Amino acid sequence: MIKENQNFLNKLNIATDGIVIFFSMMIAYFIRFQFIPSQEGYIGFEYYVRSAVYILPLFLLLYSSFGLYESFRSHNFFRELNLIIKANLVGTAILIVAFYILKMIDISRLVLTIFIVICILGITCKRILLRRILKIYRKKGFN
């Protein structure tokens with residue numbers, strides 16, 4: 001039973017991370033092109049939606065390889081935060097290299113920067129919320 005619950009929580013964690021990553025890109029786009037003055041002729045919203053769809057599996061794979069889907073019940077939160085930041089920085093480096101190799105020079109570096117900041121903040125807040133919810137359930141006797 002405990003193993004099934006852990007399996008469910010891991011899948012839920014992956015799904016919610018994916019949602020946060022995807023919407024981080026959308027929010028970054030809107031911050032960049034709606035609130036910060038820019039020139040006409042920038043890449044459209046659809047391009048960034050497609051980019052987010054390709055970026056999503058990369059970041060989820062990185063989070064998994066950094067061990068972010070293991071049990072953190074007995075670990076310090078700052079260790080988890082450190083892994084989140086490292087995974088996002090490695091993901092950013094991979095994206096920059098991929099954009100350079102694929103000659104995708106039109107993508108906004110500011111959108112990418114805003115995306116990473118929002119992604120780190122979003123994943124961190126989600127993880128804090130998840131820890132608090134799990135703590136409440138454990139106090140009620142659910143493991």
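Guide: What follows is a short talk about the labels used here and the values behind them. This is a predicted model, where local features need pLDDT of at least 70 and side-chain atom pairs count only at pLDDT 80 or more, while totals for chains, interfaces and linings use all residues. Residues are numbered from 1 along each chain as its sequence is written, and side-chain values use heavy atoms, with hydrogens and water left out.

Visitor: What makes up the pattern of the chain, read along the sequence?

Guide: The pattern is α-α-α-α, with four helices and zero strands. Helices (H or I, at least four residues) and strands (E, at least two) are DSSP runs, numbered from the N terminus.

Visitor: Why is Val111 called buried?

Guide: Buried means under 20% relative accessible area, exposed over 50%, and partly exposed in between (1.4 Å probe, protein chains only). Val111 has 1% relative accessibility, so it counts as buried. Val111 is part of helix H4 (residues 109-139). Leaving aside residues up to four places away in sequence, Val111 touches Met25, Ala28, Tyr29, Arg32, Phe33 and Tyr48; a contact means heavy atoms within 4.5 Å.

Visitor: And why is Tyr100 called exposed?

Guide: Tyr100 has 68% relative accessibility, so it counts as exposed. Its place is in helix H3 (residues 77-101).

Visitor: How do you know that Asp17 and Lys126 form a salt bridge?

Guide: The term asks for a side-chain nitrogen of Lys or Arg within 4 Å of a carboxyl oxygen of Asp or Glu. For Asp17 and Lys126 the closest N and O atoms are 2.7 Å apart, and the pair forms a salt bridge. Asp17 lies in helix H1 (residues 2-35) and Lys126 in helix H4, so the pair ties together parts that are 109 residues apart in sequence.

Visitor: What makes Asp17 and Lys126 buried or exposed?

Guide: Asp17 has a relative accessible area of 0%, so it is buried. Lys126, at 14% relative accessibility, counts as buried too.

Visitor: Which residues are linked in a network of salt bridges?

Guide: They are Asp17, Glu80, Lys126, Arg127 and Arg131. Asp17 also forms a salt bridge with Arg127, at 2.9 Å between the closest N and O atoms. Arg131 and Glu80 meet in a salt bridge as well, at 2.8 Å from N to O. Arg131 lies in helix H4 and Glu80 in helix H3, so this pair ties together parts that are 51 residues apart in sequence. Arg131 has a relative accessible area of 26%, so it is partly exposed, whereas Glu80, at 3%, is buried.
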